[in-house]
Amino acid sequence: MEALECIKTRRSVRKFKEDIIPDEVIRELVELASYSPSWKNTQTIRYISVSDPEKIKKIAEEGVMGFTLNEKTVSRAHQLMVVTQKNGICGYERDGSFSTSKGAGWEMFDAGIAAQTFCLAAHEKGIGTVILGVFDDKKVGEIVGVPEGQTVATVIAMGYPVFAPEMPPRKSVDDLLTIQ
(Lines give C-alpha, C1' and ligand atoms only; values in the text may rest on other atoms or scores of the structure.)
Protein backbone atom coordinates (compact mmCIF):
# COMPACT_ATOMS: atom_id res chain seq x y z
CA MET A 1 0.00 0.00 0.00
CA GLU A 2 1.32 3.45 -0.89
CA ALA A 3 1.79 5.86 2.02
CA LEU A 4 -0.76 8.40 0.77
CA GLU A 5 -3.39 5.71 0.22
CA CYS A 6 -2.72 4.36 3.71
CA ILE A 7 -3.20 7.80 5.26
CA LYS A 8 -6.37 8.48 3.29
CA THR A 9 -8.02 5.08 3.87
CA ARG A 10 -7.20 4.32 7.52
CA ARG A 11 -10.33 4.49 9.70
CA SER A 12 -11.17 3.87 13.33
CA VAL A 13 -12.49 0.31 13.51
CA ARG A 14 -14.70 -0.78 16.41
CA LYS A 15 -15.97 -4.21 15.32
CA PHE A 16 -13.55 -7.08 14.89
CA LYS A 17 -13.56 -10.65 13.63
CA GLU A 18 -12.59 -13.38 16.08
CA ASP A 19 -9.32 -14.12 14.26
CA ILE A 20 -6.28 -13.43 16.44
CA ILE A 21 -3.38 -11.37 15.10
CA PRO A 22 -0.29 -13.61 15.26
CA ASP A 23 2.48 -12.56 17.66
CA GLU A 24 4.96 -12.26 14.78
CA VAL A 25 2.68 -9.69 13.10
CA ILE A 26 2.34 -7.77 16.40
CA ARG A 27 6.13 -7.75 16.68
CA GLU A 28 6.40 -6.40 13.14
CA LEU A 29 3.90 -3.61 13.92
CA VAL A 30 5.87 -2.60 17.02
CA GLU A 31 9.09 -2.67 15.00
CA LEU A 32 7.53 -0.37 12.40
CA ALA A 33 6.20 1.94 15.13
CA SER A 34 9.71 2.08 16.61
CA TYR A 35 10.69 4.20 13.60
CA SER A 36 8.48 7.00 14.91
CA PRO A 37 10.42 10.14 15.72
CA SER A 38 10.78 11.05 19.38
CA TRP A 39 12.01 14.03 21.36
CA LYS A 40 15.82 13.99 21.30
CA ASN A 41 15.53 10.36 20.10
CA THR A 42 14.61 9.27 23.63
CA GLN A 43 12.39 6.42 22.35
CA THR A 44 10.37 6.26 25.58
CA ILE A 45 7.28 4.54 24.15
CA ARG A 46 6.60 0.91 25.14
CA TYR A 47 3.89 -1.57 24.12
CA ILE A 48 1.94 -4.23 26.02
CA SER A 49 -0.03 -6.62 23.80
CA VAL A 50 -3.10 -7.93 25.63
CA SER A 51 -5.03 -10.96 24.37
CA ASP A 52 -6.08 -12.48 27.71
CA PRO A 53 -9.91 -12.45 27.57
CA GLU A 54 -10.22 -11.87 31.33
CA LYS A 55 -7.98 -8.79 31.22
CA ILE A 56 -9.84 -7.43 28.20
CA LYS A 57 -13.17 -7.99 29.97
CA LYS A 58 -11.87 -6.27 33.10
CA ILE A 59 -10.63 -3.27 31.09
CA ALA A 60 -14.04 -3.03 29.37
CA GLU A 61 -15.88 -3.20 32.70
CA GLU A 62 -13.55 -1.18 34.94
CA GLY A 63 -11.01 0.68 32.81
CA VAL A 64 -12.99 2.96 30.48
CA MET A 65 -14.60 5.23 33.06
CA GLY A 66 -18.11 4.04 32.24
CA PHE A 67 -17.92 5.34 28.65
CA THR A 68 -20.39 3.03 26.90
CA LEU A 69 -18.86 3.25 23.41
CA ASN A 70 -15.44 2.22 24.73
CA GLU A 71 -16.99 -0.56 26.84
CA LYS A 72 -18.52 -2.00 23.64
CA THR A 73 -15.38 -1.48 21.58
CA VAL A 74 -13.05 -3.11 24.11
CA SER A 75 -15.43 -6.01 24.75
CA ARG A 76 -15.63 -6.67 20.98
CA ALA A 77 -11.83 -6.69 20.61
CA HIS A 78 -9.89 -9.89 21.08
CA GLN A 79 -6.66 -7.95 21.34
CA LEU A 80 -5.57 -4.61 22.74
CA MET A 81 -2.31 -2.73 22.54
CA VAL A 82 -1.60 -0.71 25.65
CA VAL A 83 0.84 2.05 24.75
CA THR A 84 2.92 3.31 27.65
CA GLN A 85 5.52 6.00 28.11
CA LYS A 86 8.53 6.03 30.36
CA ASN A 87 7.98 8.95 32.73
CA GLY A 88 10.17 12.01 33.25
CA ILE A 89 12.42 11.64 30.19
CA CYS A 90 10.73 13.04 27.10
CA GLY A 91 10.72 16.85 27.24
CA TYR A 92 13.01 16.96 30.27
CA GLU A 93 16.65 17.89 30.75
CA ARG A 94 18.97 15.77 32.89
CA ASP A 95 18.45 18.11 35.86
CA GLY A 96 14.67 17.46 35.74
CA SER A 97 13.74 20.83 34.26
CA PHE A 98 11.53 21.08 31.19
CA SER A 99 13.10 21.69 27.80
CA THR A 100 9.98 23.12 26.20
CA SER A 101 7.00 25.26 27.18
CA LYS A 102 4.88 22.08 26.84
CA GLY A 103 6.29 20.72 30.10
CA ALA A 104 5.34 17.07 30.61
CA GLY A 105 2.91 17.39 27.68
CA TRP A 106 5.63 16.53 25.22
CA GLU A 107 5.47 12.90 26.40
CA MET A 108 1.94 12.61 24.98
CA PHE A 109 3.04 14.16 21.70
CA ASP A 110 5.57 11.37 21.19
CA ALA A 111 3.00 8.77 22.29
CA GLY A 112 0.54 10.14 19.73
CA ILE A 113 3.09 9.93 16.92
CA ALA A 114 3.91 6.32 17.90
CA ALA A 115 0.24 5.32 18.22
CA GLN A 116 -0.63 6.73 14.80
CA THR A 117 2.42 5.07 13.22
CA PHE A 118 1.36 1.76 14.81
CA CYS A 119 -2.19 2.20 13.45
CA LEU A 120 -1.01 3.08 9.93
CA ALA A 121 1.28 0.02 9.90
CA ALA A 122 -1.62 -2.12 11.12
CA HIS A 123 -3.90 -0.75 8.39
CA GLU A 124 -1.31 -1.64 5.76
CA LYS A 125 -1.44 -5.22 7.09
CA GLY A 126 -5.27 -5.35 6.95
CA ILE A 127 -5.67 -4.87 10.69
CA GLY A 128 -8.23 -2.43 12.06
CA THR A 129 -7.51 -0.21 15.04
CA VAL A 130 -9.07 2.50 17.13
CA ILE A 131 -7.14 4.71 19.53
CA LEU A 132 -9.19 5.11 22.70
CA GLY A 133 -9.19 8.46 24.44
CA VAL A 134 -11.49 7.75 27.38
CA PHE A 135 -9.92 5.32 29.84
CA ASP A 136 -8.53 5.28 33.36
CA ASP A 137 -4.77 5.08 32.88
CA LYS A 138 -4.11 3.97 36.46
CA LYS A 139 -6.76 1.23 36.36
CA VAL A 140 -5.66 -0.07 32.95
CA GLY A 141 -2.05 0.02 34.14
CA GLU A 142 -3.00 -1.98 37.22
CA ILE A 143 -4.91 -4.58 35.15
CA VAL A 144 -2.09 -5.18 32.66
CA GLY A 145 0.82 -4.72 35.06
CA VAL A 146 2.50 -1.61 33.67
CA PRO A 147 6.06 -1.45 35.02
CA GLU A 148 6.93 1.15 37.62
CA GLY A 149 8.08 4.40 36.06
CA GLN A 150 5.70 4.11 33.11
CA THR A 151 2.23 5.51 32.46
CA VAL A 152 -0.47 4.33 30.08
CA ALA A 153 -0.62 6.84 27.21
CA THR A 154 -3.42 5.16 25.28
CA VAL A 155 -5.21 1.91 24.59
CA ILE A 156 -5.61 0.70 21.01
CA ALA A 157 -8.32 -1.86 20.28
CA MET A 158 -7.26 -3.94 17.29
CA GLY A 159 -8.22 -6.87 15.14
CA TYR A 160 -9.28 -7.86 11.69
CA PRO A 161 -12.22 -5.59 10.81
CA VAL A 162 -15.72 -6.94 10.28
CA PHE A 163 -16.19 -4.13 7.72
CA ALA A 164 -14.40 -1.01 6.54
CA PRO A 165 -16.12 2.06 7.99
CA GLU A 166 -17.07 4.90 5.64
CA MET A 167 -14.95 8.03 5.72
CA PRO A 168 -16.65 10.77 7.74
CA PRO A 169 -16.76 14.24 6.17
CA ARG A 170 -13.45 16.09 6.29
CA LYS A 171 -12.96 19.82 6.81
CA SER A 172 -11.68 21.71 3.79
CA VAL A 173 -8.08 22.86 3.56
CA ASP A 174 -9.39 26.44 3.66
CA ASP A 175 -10.98 25.70 7.05
CA LEU A 176 -7.79 24.14 8.37
CA LEU A 177 -4.99 26.28 6.93
CA THR A 178 -3.89 29.84 7.57
CA ILE A 179 -1.06 31.07 5.37
CA GLN A 180 0.75 34.16 6.63
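**Cysteines and a helix pair**

Reply: In this predicted model, the sulfur of Cys 90 lies 19 Å from the closest cysteine sulfur, that of Cys 119, which is too far for a bond. Cys 90 is also buried, its relative accessible area being 0%. For Cys 6 the closest cysteine sulfur again belongs to Cys 119, at a distance of 10 Å, and this too is too far for a bond. Cys 6 counts as buried because its relative accessibility is 8%, and the cut-off for that class is under 20%. A disulfide is a covalent bond between the sulfur atoms of two cysteines, and the rule applied here asks for a pair of cysteine sulfur atoms within 2.5 Å. By this rule the count of disulfides is 0.

Turning to the helices, the axes of helix 3 (residues 53-62) and helix 6 (residues 137-144) come within 10 Å of each other and cross at roughly 165 degrees, which makes helix 3 roughly antiparallel to helix 6. The crossing of helix 3 past helix 6 is right-handed. On the helix 3 side the contact is made by Lys 55, Lys 58, Ile 59 and Glu 62, which meet Lys 139, Val 140, Ile 143 and Val 144 of helix 6. Sorted by class, this contact of helix 3 with helix 6 holds 4 nonpolar and 4 charged residues, with no polar ones.

Technical notes: Residues numbered from 1 in each chain as written. Predicted model: local features only at pLDDT ≥ 70, side-chain atom pairs only at ≥ 80, totals over all residues. Heavy atoms only, no water. Axes fitted to C-alpha atoms, helices over the stretch in contact; angles between N-to-C directions. Helix = DSSP H or I, 4+ residues; strand = E, 2+ residues; numbered from the N terminus. Parallel < 35°, antiparallel > 145°, perpendicular 65-115°, else oblique. Left-handed = near helix turned anticlockwise from the far one by under 90°. Contact = heavy atoms within 4.5 Å. Nonpolar A, V, L, I, M, F, W, Y, C, P; charged D, E, K, R; others polar. Buried < 20%, exposed > 50% of the residue type's maximum accessible area, 1.4 Å probe, protein only.
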